[in-house]
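Subject: Structure handover

Hello,

Here is the structure for you to look through. Please open it first, then read the notes below.

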Amino acid sequence: MLVFAASDKGGTGRSVTSANLAYQRALAGDDVCYVDFDFGSPTAAAVFDVPGELGIDEGGLHTYLEAGTGEPARVDIWAHTLHPVLRNRPNGSGRLVLLPGDASGGEFATDQDTLRRCVDLLLRLNSEFDVIIVDLSAGRSYAMDMVLEATAQPELRSVEARWLVFHRWTRQHVLAASGLVFGEHGILNGAAAGLHDKDTLRQSIRFVRAAVPDPESALWSQVSPAQSVWMQRCDDYLRQLASDRKIGDSVVLGTVPLEPVLQWREQLITEEDVLSTQIANKETLEALEELARKLTDDAHWGQP
Amino acid sequence: MGTLGRTRPTTLACGEVRTCLLPTSQALDLRAAGHVLRLRADERVLASERPNLYALSPDTLMGVDCALPASNGAKVRAVGTVVARAALTEGRVLQAGSFFRVPDTGPDQRQPWGHYLVRPGVVEPLGKLPAQAVAEGLLKGGRPGELDPGLIAEGLLTRLLRHPLLDQKSPFKSRRTRLRWVALPVPDGHGPSIDFTVAEDDLRTVRLGIPEGTDQTAVVRLCEDLALHDWLLTTLVRMLDGSRFGSADGPMAVLALRPAVDHLMHLWMPRARVDRKLSALWEALEERPGFSRQWHTLVQRIRDQMALQAIPLLREALTAR
């Protein structure tokens, strides 16, 4: 299954959340591959804590797509991570492999040859992995156009593809996320027009609300009554706005709470972080686990 | 074999085979296999039904003019043609391979293409060939820009995998394997020798010592046969590795192993197409590490588990009467 992680704006936690999803799926026993198509700023290596924080020097995805190498480099995360917890690969877990971007990447225009190579790569990964998470640059990028065109090719039509659109829980982000999908130049009307069946594609898109402060959470239990009422009102307003903009609860796959560990450390959240060092909130880990479960559960996809 | 090669003029043969599951929900019949493997319009796909379903593409040639990898850093430019071909076994396992021969000396000057085109599958060094160093270099893999048979095999495999007859719905996930091989001649009176190594996760290397006069096609077939069975074994081992036999989710594990029964277990047939002169090499591998021994143990284990899981079903059926 291909999973494309998109967002309209930067700073939505797209990369860190989708990396956590990859990790959770691997813990559940799936063979998972994380493809860093965020050409402007390849950061996945940092999230998984493997060497090459800003992308690798040569042979990454960028080089591959531009025909500079026959096969893009791969990093076995369990084997190469510097993260002390991840190094002990749990029994029964699946593979977790990163296809890193190049350090000197940057966006590039897509031609037929690049498209061909993109299709070949996705085909190959699909034959090998249960879940392939493709992290796309923010906004309507070349990377997004390329994968939309690639998934419309006959070879890839029968391969299950799902989209996750990440946004923060603010007015601007809700509007932007809705625009990215439903806007005039959005995924459905612009990028995929003429390539994909609009309804089918729409049914394969779900939204993930990231960094959402939950007014009910213990985190905010100490705030003043006035603040509490205000927070509740804001939350209600955003819910209404999201619903008006066609990204209401029925198309939301999950919500990830505001979590300092995700915001500041931008790394994987492990059970250790919750149970032993207790730096991360239990709710966050549970939200990620639930999101990972729903990602591959057909009941949460299709006609909302 | 390592020291013997140096004492006499050597001709090196080498290649790489990449093996993967054909990405289709159903195994292809011979006719469909013929379409997929039709790499050239002017030549037919070789198909055979005995002792198993097997289709072999015609040879295609690729012109090369580049350096050969050498373990001692020697710069050896070579020009000629590399053969690439593909095979499909039981409509299920796809292999793409490339190979070539290198004579121990070649012309000092680069010749016009006509000279090389009449020698298909031969890559000639400019001057003398440091056979041992190049053999080692090939097994280790060269630097970018050096002749890499793996890249040629990969190119062919990628091209085949796009074929419209393939529905891209593999019955299970599996990985590719790469098998790199080199063959050097052994002195008169010596029998053939083999050294098989699992070099990395997906990479195997094979060093062969081959008596003079052995048909090169036979060597290539042997390597394809080795690659096929190594892939089968690797794939079955990985399937069993992930499953939780004997645990509470035993029934689930059995369900997960069903593709092995449906698609893999009947494919084991070592030496089906190996020249008799070289079958001693297979015997050596059967002795150590014991390919078939491991395969049959795994297969037996799967069958036993299937039988065990069926017992409660049987009891249910009997009590329901």
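How many residues does the contact take from chain B and from chain A? It takes 15 from chain B and 17 from chain A, where contact means heavy atoms within 4.5 Å.

A word on the source. This is a predicted model: local features need pLDDT of at least 70, side-chain atom pairs count only at pLDDT 80 or more, and totals for chains, interfaces and linings use all residues. Residues are numbered from 1 along each chain as its sequence is written, chains are lettered from A and ligands numbered from 1 in written order, and side-chain values use heavy atoms, without hydrogens and water.

Now the interface. The size of an interface is often given as the accessible area lost when the parts come together. Chains B and A bury about 1,400 Å² between them (area lost on being put together, 1.4 Å probe, summed over both). Carbon and sulfur atoms hold 45% of it. On the chain B side, R162(B), Q168(B) and K173(B) lose the most area to chain A. Together they give 44% of what that side buries.

Next, chain B itself. Chain B has 8 helices and 12 strands (DSSP runs: helices H or I, at least four residues; strands E, at least two). Its C-alpha trace spans about 85 × 45 × 35 Å along the principal axes. Of its 321 residues, 52% are buried (under 20% relative accessible area, 1.4 Å probe, protein chains only). Among contacts in chain B with a separation of 6 or more, 73% join residues 24 or more positions apart.

Best wishes

Conventions:
Buried means under 20% relative accessible area, exposed over 50%, partly exposed in between (1.4 Å probe, protein chains only). Buried area is the accessible area (1.4 Å probe) that two parts lose on being put together, summed over both.
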